[in-house]
Amino acid sequence: TSDVVDLYNVRAMAIMGEKHAMQKWSCYPDGWGVLWGATQRSHYIAYALEGFWRVGLTAPVEAFMARFAHIVQDAVLMPYVITQDGEGRGECLAATAQFALLLKWMGDRVIADLLIDAALEQPITRSWEAKWMIDAMLS
């Protein structure tokens, strides 16, 4: 299994209650996980951050959001990939909706709603994009 897939599965680990297995993927304290590599898909990062949040590990989510606030706040759509150096490339509708949901959980409805509005202007072509958009809108 590649590291990317493992990061992607942090959300599933949270659902299964495997909090101990999640710890090695944490991005606390500096906002970027040691095992994440130099570049990571924002969609996968969002899955991991959701997993941490759901089991009460809010520090990794807060650390990531603090380090990469410029990407999240300046995004029309979230980038497809994010580098550990703070650069974003491409666009990802699913990650946009996922980060909107995370921001709502963190209490930042203003930026969350801006991301949702931007995402709703795009065609939704994948079922998981629709799922995340509905979750973000109803949260």
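Predicted model: local features only at pLDDT ≥ 70, side-chain atom pairs only at ≥ 80, totals over all residues.
Q: Which residues of α9 are buried?
A: Helix α9 covers residues 127-138. Seen from the other side of α9, Ser127 and Leu138 are exposed. The buried residues of α9 are Glu129, Trp132, Met133 and Ala136.

Q: Within what arc do the buried residues of α9 fall, seen down its axis?
A: The buried residues in question are Glu129, Trp132, Met133 and Ala136. An α-helix has 3.6 residues a turn, so residues three or four places apart point the same way. The buried residues of α9 line one face of the helix, because they fall within an arc of 100°.

Q: What span does α9 reach from its first C-alpha to its last?
A: Helix α9 has 12 residues. At 1.5 Å a residue, 16 Å is expected. The span in the model is close to that, at 17 Å.

Q: Which helices are included in what covers the buried residues of α9?
A: The side of α9 to be covered carries Glu129, Trp132, Met133 and Ala136. One contribution comes from α8, where Ile116, Ala119 and Leu120 meet Met133, Ala136 and Met137 of α9. The cover includes α2 (10-15), α4 (42-54), α7 (93-105) and α8 (109-120).

Q: How are α8 and α9 oriented to each other?
A: Their axes come within 11 Å and cross at roughly 140°. The crossing is left-handed. An angle over 145 degrees would count as roughly antiparallel, and α8 and α9 are therefore oblique.

Q: How is α7 oriented relative to α8?
A: The axes of α7 and α8 come within 8 Å and cross at roughly 160°. Angles over 145 degrees count as roughly antiparallel. That makes the orientation of α7 to α8 roughly antiparallel.

Q: What is the handedness of the crossing of α7 and α8, and which residues of α8 make the contact?
A: The crossing of α7 and α8 is left-handed. On the α7 side, the contact is made by Leu93, Thr96, Phe99, Ala100, Leu103 and Lys104. On the α8 side, the residues are Arg109, Ile111, Ala112, Asp113, Leu115, Ile116 and Ala119.

Q: How are α4 and α7 oriented to each other?
A: These helices pack with their axes 9 Å apart, at an angle of about 25°. Angles under 35 degrees count as roughly parallel. The orientation of α4 and α7 is therefore roughly parallel.

Q: Which residues of α7 make the contact with α4?
A: The crossing of α4 and α7 is left-handed. From α4, the contact is made by Ser42, His43, Ile45, Ala46, Tyr47, Leu49, Glu50, Trp53 and Arg54. From α7, the residues are Ala94, Ala95, Gln98, Phe99, Leu102 and Trp105.

Q: Is Arg11 buried or exposed?
A: The place of Arg11 is in helix α2. Leaving aside neighbours within four places in sequence, Arg11 is in contact with Tyr47, Glu50, Gly51, Lys131 and Trp132. Its relative accessibility is 18%. Buried means under 20%, so Arg11 counts as buried.

Q: What do the buried residues of α5 pack against?
A: Helix α5 spans residues 58-67. Its buried residues are Pro60, Val61, Ala63, Phe64 and Met65. They pack against α4, α6 (69-74), β2 (81-83) and α7.

Q: What separates the C-alpha atoms of Pro123 and Leu93?
A: Pro123 lies in the loop between α8 and α9 and is exposed, with a relative accessible area of 60%. Not counting residues up to four places away in sequence, Pro123 touches Leu93 and Glu129. Pro123 and Leu93 are 30 residues apart along the chain, and their C-alpha atoms are separated by 9.0 Å.

Q: Which residues is Gly90 in contact with, leaving aside its neighbours within four places in sequence?
A: Gly90 lies in the loop between β3 (88-89) and α7. At 55% relative accessibility, Gly90 counts as exposed. Its contacts are Met78, Pro79 and Tyr80.

Q: Which residue does a cis peptide bond join to Pro29?
A: Pro29 is placed in the loop between α3 (19-22) and β1 (39-41). Omega of the cis bond is about 10°. The residue joined to Pro29 is Tyr28.

Technical notes. Residues numbered from 1 in each chain as written. Heavy atoms only, no water. Helix = DSSP H or I, 4+ residues; strand = E, 2+ residues; numbered from the N terminus. Expected span 1.5 Å × (residues − 1). Buried < 20%, exposed > 50% of the residue type's maximum accessible area, 1.4 Å probe, protein only. Arc of directions from axis to C-beta. Contact = heavy atoms within 4.5 Å. Axes fitted to C-alpha atoms, helices over the stretch in contact; angles between N-to-C directions. Parallel < 35°, antiparallel > 145°, perpendicular 65-115°, else oblique. Left-handed = near helix turned anticlockwise from the far one by under 90°.
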